[in-house]
Amino acid sequence: MARINQSLGEFIIENQKEFAYSSGELSRLINSIRLAAKMVNHEVNKAGLVDITGSAGGVNTQGEDQQKLDVFANDVFIRTLTNREIVCGIASEENEDYITIPGNNSDHKNKYVVLIDPLDGSSNIDVNVSVGTIFSIYRRITPMGTPVQEEDFLQPGNLQVAAGYIIYGTSTMLVYTTGHGVNGFTLNPALGTYYLSHPNMQFPEDGTIYSVNEGNYVHFPQGIKDYIKYCQQEEGNRPYTSRYIGSLVSDIHRNMIKGGIYMYPKSSTSQNGKLRLLYECNPMAFIIEQAGGKASDGVTRIMDLKPTSLHERVPFICGSKNMVEKAEEFIAKY
Ligand code: P6P
């Protein structure tokens, strides 16, 4: 049973048995993410002091300016995951193609693939707004002993074995699930140790916060426009409060604690919305559902979508179950 202030290491060992077919690899995988997060946290926290903020000059696969911390975070996670002899492949927002990891003996015997957004919301770094790392873990489905294939990464979200995020905010937290609920660990920077601070996180079924970039209102489908007006009407516990940080991990983390809905819908300017299915929506959806919330593209459960490409985008409506269902009602009218 989770105990407040239990360390992450103790928690992993105590709950290792929960993970049916793992002989400890998943625990070692979570541990490697824990280490990488500490290294990224160290840099994020001093970003303003050293020349590591600002653009790295390159652009990522999305054509977005690569911030130096993006590059640093990507390198740290890839290096840490590669060294642990558990992962046979990594797909990252920052890399066009997936990375094949042959393993020590180049025997391709490692079982897991990891998909990662190493530093989501990085455009917020220079303005000192919190950012996050998002990760998603699957067992490979192609034969062990052969190089990992793209289909190992294109699995539906309902096959994830673990997912989580790190939020580099006023405190640094690691929040993750292995399919047995959601637990949040806060880093004690003085000790470099994470402690269980949010056991068994539950997404409130209702909330009074709606999170969407209303600057895109004119481009939204009518159903989304109608739902936003519904949030703003004076009736019952409405109007709701509008809160939008523009950092996915922060917006969803807040809504999971307080209750609320986050929407990045499709629009006339982006038919599939902006967020990526594989390393943003699926891992966040796994966590949200494990905490009792809901996540869809407005019509279909996110984790039931069959991915077709590494960097595909999908509309994302997620959060408190009753709020998501109300938004889906408005969308269904059209
Ligand atoms: P917009 C950050 O770039 C991100 O991917 C998410 O973290 C965030 O929720 C969203 O995009 C913000 O996008 O278009 O509202 O600035």
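## Helix α4 and its cover

Among the elements that cover the buried residues of helix α4 are β11 (209-211), β13 (261-264), β15 (316-319) and α7 (321-332). Helices (H or I, at least four residues) and strands (E, at least two) are DSSP runs, numbered from the N terminus. Helix α4 spans residues 222-232, and its buried residues are Gly223, Ile224, Lys225, Tyr227, Ile228, Tyr230 and Cys231, where buried means under 20% relative accessible area, exposed means over 50%, and partly exposed lies in between (1.4 Å probe, protein chains only).

This is a predicted model, in which local features need pLDDT of at least 70 and side-chain atom pairs count only at pLDDT 80 or more, while totals for chains, interfaces and linings use all residues. Residues are numbered from 1 along each chain as its sequence is written, and side-chain values use heavy atoms, with hydrogens and water left out.

When neighbours within four places in sequence are left aside, Met256 is in contact (heavy atoms within 4.5 Å) with Tyr165, Val175, Val182, Met201, Gln202, Phe203, Pro204, Ile287 and Ala291.

Helix α1 (residues 8-15) packs with helix α2 (residues 25-45) at an angle of about 165°, and their axes are 10 Å apart. Axes are lines fitted to C-alpha atoms, for helices over the stretch in contact, and angles run from 0 to 180 degrees between N-to-C directions. The two helices α1 and α2 are therefore roughly antiparallel to each other, given that angles under 35 degrees count as roughly parallel, over 145 as roughly antiparallel, 65 to 115 as roughly perpendicular and the rest as oblique. Leu8, Gly9 and Ile12 of α1 make the contact with Ser27, Ile30, Asn31 and Arg34 of α2.

Helices α2 and α3 pack at an angle of about 155°, with their axes 9 Å apart, which makes α2 roughly antiparallel to α3. On the α2 side the residues that meet α3 include Leu29, Ile33, Ala36 and Val40, and on the α3 side they include Leu69, Phe72, Ala73 and Val76.

Ala73 lies in helix α3 (residues 68-82) and is buried, with a relative accessible area of 0%. Although Ala73 and Ala36 are 37 residues apart in sequence, they are 8.2 Å apart in space, C-alpha to C-alpha. Leaving aside neighbours within four places in sequence, Ala73 is in contact with Val40, Pro118 and Leu119.

Asn74 also has its place in helix α3, and at 6% relative accessibility Asn74 counts as buried. Not counting residues up to four places away in sequence, Asn74 touches Ser92, Glu94, Asn95 and Pro118.

## Glu205 in a loop

Glu205 is found in the loop between β10 (193-198) and β11, and this residue is partly exposed, with a relative accessible area of 46%. Not counting residues up to four places away in sequence, Glu205 touches Ser320, Lys321, Asn322 and Met323.
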